[in-house]
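Here is a short briefing to read alongside the model. Have the sequence and the 3D view open as you go through the points.

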Amino acid sequence: MPAAIVQYVFKPTPGCDVGQLMGLVKEAATMWRTHGAEVRLWSVQVGEVGNLAFTAGFESSAQLGATLDKLNSDPEFGAWRVKNIKAGLATWVRSNQAYEVPI
């Protein structure tokens, strides 16, 4: 079970090509996994219905940091960011970074 996660919540643009959007999400997931993340995509069912949440989980905050360093220096990921923005298929809602608090 992950001890640290990052979450990116986004809302699909009304009328967007959902297949194209899912293609971009899958591309991102592949890159995150390549650099050490456990990736999931969630569909929000209560509250902000219609939003999607992309999560990346890690065994430790050190692993999270190492993965972010690798992603941010990966030219392929940089190109994906530009492509994603230009596509206009979704709008960013929020990002969260959380660490498990043992109880």
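Is Glu 27 buried, partly exposed or exposed? Glu 27 is partly exposed, at a relative accessible area of 33%; buried means under 20% relative accessible area, exposed over 50%, and partly exposed in between (1.4 Å probe, protein chains only).

This is a predicted model, in which local features need pLDDT of at least 70, side-chain atom pairs count only at pLDDT 80 or more, and totals for chains, interfaces and linings use all residues. Residues are numbered from 1 along each chain as its sequence is written, and side-chain values use heavy atoms, with hydrogens and water left out.

**Overall fold**

- The chain holds 3 helices and 4 strands, where helices (H or I, at least four residues) and strands (E, at least two) are DSSP runs numbered from the N terminus.
- Read from the N terminus, the order of the elements is β-α-β-β-α-α-β.
- The chain is as compact as a globular protein of its length, because its radius of gyration of 14 Å is close to the 13 Å that the globule rule gives for 103 residues. That radius is taken over C-alpha atoms, and the rule is 2.2 Å times the number of residues to the power 0.38.
- The C-alpha trace spans about 40 × 35 × 15 Å along its principal axes.
- Of contacts between residues at least 6 apart in sequence, 74% join residues at least 24 apart; contact means heavy atoms within 4.5 Å.

**Surface and charge**

- Of the 103 residues, 29% count as buried.
- The accessible surface comes to about 6,500 Å², and 59% of that belongs to carbon and sulfur atoms. Accessible areas come from the Shrake-Rupley method with a 1.4 Å probe, and for residues only the protein chains shown count as cover.
- The chain has 9 positive and 9 negative charges, and their mean positions are 6 Å apart. Lys and Arg count as positive and Asp and Glu as negative, while His and the chain ends are not counted. Each charge is placed at NZ of Lys, CZ of Arg, CG of Asp or CD of Glu.

**Salt bridges**

- Side chains of opposite charge can pair when their charged atoms come close.
- A search of the whole structure finds 3 salt bridges, each being a side-chain nitrogen of Lys or Arg within 4 Å of a carboxyl oxygen of Asp or Glu.
- Glu 27 pairs with Lys 83, with the closest N and O atoms 2.7 Å apart. Glu 27 lies in helix 1 (residues 18-34) and Lys 83 in helix 3 (residues 75-87), so this pair ties together parts that are 56 residues apart in sequence. Lys 83 is partly exposed, with a relative accessible area of 39%.
- Arg 94 pairs with Glu 48, and here the closest N and O atoms are 2.7 Å apart. Arg 94 belongs to strand 4 (residues 90-99) and Glu 48 to the loop between strand 2 (38-43) and strand 3 (52-58), so the pair ties together parts 46 residues apart in sequence. Arg 94 is partly exposed at 29% relative accessibility, and Glu 48 is partly exposed at 35%.
- Glu 38 pairs with Arg 40, with the closest N and O atoms 2.8 Å apart. Glu 38 is partly exposed at 38% relative accessibility, as is Arg 40 at 43%.

**Buried residues to look at**

- Thr 67 sits in helix 2 (residues 61-72) and is buried, at 1% relative accessibility. Leaving aside neighbours within four places in sequence, Thr 67 is in contact with Trp 32, His 35, Gly 36, Ala 37 and Phe 58.
- Ala 4 lies in strand 1 (residues 4-12) and is buried at 1% relative accessibility. Beyond neighbours within four places in sequence, the contacts of Ala 4 include Phe 58, Leu 64 and Tyr 99.
- Ala 4 and Cys 16 are 12 residues apart in sequence, yet 32 Å apart in space, C-alpha to C-alpha.
- Ala 53 is found in strand 3 and is buried at 3% relative accessibility. Not counting residues up to four places away in sequence, Ala 53 touches Gln 7, Tyr 8, Val 9, Arg 40, Leu 41 and Trp 42.

**A residue in strand 4**

- Val 93 is found in strand 4 and is partly exposed at 29% relative accessibility.
- Val 93 and Val 9 are 84 residues apart in sequence, but 5.4 Å apart in space, C-alpha to C-alpha.
- Leaving aside neighbours within four places in sequence, Val 93 is in contact with Val 9, Phe 10, Lys 11, Glu 48 and Asn 51.
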